[in-house]
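Open the structure in your viewer and keep the selection tool at hand. This tour says what to select at each stop and what is there.

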Amino acid sequence: MTQRYPGEPVDLPLDNWLYEAKPKANCPRCASEEVKLESAAKSGDAKARFEAARNIRQCPHSSAG
Ligand SMILES: [Zn+2]
C-alpha cells in the first residue's frame, strides 16, 4: 500500500530550472542564445530569457568544427 500525504509542501526550484541553461562550448547556436539570455536577464525580459534558456536546452549542439 502506498501512503499519500496530501497538502505536503513541495519546494521545487521550478523557476530556476526554467531559466537554467548549459550552453556547450564551441556550439555556435548556444553562443548566440547565451548572448540573448544575458541581455534578456539584464533588461529583465523574463519571456525572452526563458525562451533563450529553452533554446539552449533543446539545442542539438552541432559543432561547427
Ligand atoms: Zn548547442
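Predicted model: local features only at pLDDT ≥ 70, side-chain atom pairs only at ≥ 80, totals over all residues.

Contact here is judged by C-beta atoms, placed from the backbone, that lie within 7 Å of each other.

Residues are numbered from 1 along each chain as its sequence is written.

Now show the whole of H2 and H3. They pack at an angle of about 160°, and their axes are 8 Å apart. H2 is therefore roughly antiparallel to H3, a label for angles over 145 degrees. Axes are lines fitted to C-alpha atoms over the stretch in contact, and angles run from 0 to 180 degrees between N-to-C directions.

Next, select Cys30, Leu37, Ala52, Ala53 and Ile56, the five residues of the largest nonpolar core. Helix H2 (28-43) and helix H3 (46-57) each supply at least two of the core residues, and H3 gives the most, with three. A nonpolar core is a set of buried Ala, Val, Leu, Ile, Met, Phe, Trp, Tyr and Cys residues joined through C-beta atoms within 7 Å. A residue is buried if 20 or more other C-beta atoms lie within 10 Å of its own, exposed if 12 or fewer, and partly exposed in between.

Stay on Ala53. Not counting residues up to four places away in sequence, Ala53 touches Leu18, Tyr19, Glu20, Ala21 and Leu37.

Move on to His61, in the segment after H3. Is His61 buried or partly exposed? His61 is partly exposed, because 13 other C-beta atoms lie within 10 Å. Leaving aside neighbours within four places in sequence, His61 is in contact with Lys24, Cys27 and Cys30.

Finally, show the whole protein, with its three helices and zero strands. Helices (H or I, at least four residues) and strands (E, at least two) are DSSP runs, numbered from the N terminus. Buried residues make up 12% of the 65 residues.

Terms used
Contact = placed C-beta atoms within 7 Å. Parallel < 35°, antiparallel > 145°, perpendicular 65-115°, else oblique.
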